[in-house]
Amino acid sequence: MTTNKKVITKDDIVSKYMDEVLEKGQKPKSVYHFAKENDFTEAEFYSFFGTLESLEKEIFRLFFENTVNLLHKNEEYQQYDMKNKMLSFYFTFFEILTANRSYVLQTLKIDRNPLKNLVQLTTLRESFKNYVSEILTDDYRLEQEKFQKFQEKAIQESAWLQLMLTIKFWMEDESAAFEKTDIFIEKSVNASFELMNVAPINHLIDFGKFLFKEKIQSR
């Protein structure tokens, strides 16, 4: 009598990969070794991921996806302004990171070259930048359309840099319940939105247009 082998899922592979990294303190040498030690085939792996590197990137994207899914389950979230949506994202995202802290700390420090460790955050970066664009409101958008695309990219990049700095702070935080990270989040997000106040910039642009017109008319 033959027994049916359990069909492995994408979540199964992600879970097995995280467990292996934690238990062995290093990444699998190859897809072959990873599959063989976890009782599934390479074909099953490749049905979900092209490489081990793409799997690593997907784990951090899933942290992001789970965060956004939790946020959208809260009816009040939809009524928040941009700053409070960002604060909600941060606190929820870092709760998820904390639940997986051992894996995050190990995988972001596993290579001596920090740049190689950060490669696995590239998919997270794109997802987060798209999220920032989605919650960007007219309160923080320049009135002049020709400057809006440049402004949006600047906001995306500065928001990503802020998230990276917060991850670094959280990784080094030794306070109980990571309360210092909570304080860092609140202060840094509040400060960034103060800097994003576009009213003075709009005034400067209007002033520049006025001077330009005056110069043209005086000729």
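F89 is buried, at 0% relative accessible area (buried means under 20%, with a 1.4 Å probe and protein chains only). The model is predicted, so local features need pLDDT of at least 70, side-chain atom pairs count only at pLDDT 80 or more, and totals for chains, interfaces and linings use all residues. Residues are numbered from 1 along each chain as its sequence is written, and side-chain values use heavy atoms, without hydrogens and water.

The structure holds 21 aromatic pairs. Rings of Phe, Tyr and Trp (its six-membered ring) pair if their centres lie within 6.5 Å; planes under 30 degrees apart are stacked, over 60 edge-to-face, and the rest tilted. F64 and F89 form a tilted pair, 5.7 Å centre to centre, with 50° between the planes. This pair links distant parts of the chain: F64 lies in helix α4, F89 in helix α5 (residues 82-99), 25 residues apart. F64 is also buried, at 10% relative accessibility. Helices here are DSSP runs (H or I) of at least four residues, numbered from the N terminus.

Y90 and F94 form a stacked pair, 6.1 Å centre to centre, with 10° between the planes. Being 4 residues apart in helix α5, they are separated by about one helical turn. Y90 is buried at 1%, and F94 is buried at 4%. Ring pairs join a cluster whose members include F64, F89, Y90, F94 and W160.

Helix α4 (residues 52-72) has 21 residues. From first C-alpha to last, α4 reaches 30 Å, close to the 30 Å expected at 1.5 Å a residue (1.5 Å times one less than the number of residues).

Definitions and conventions: Helix = DSSP H or I, 4+ residues; strand = E, 2+ residues; numbered from the N terminus. Buried < 20%, exposed > 50% of the residue type's maximum accessible area, 1.4 Å probe, protein only.
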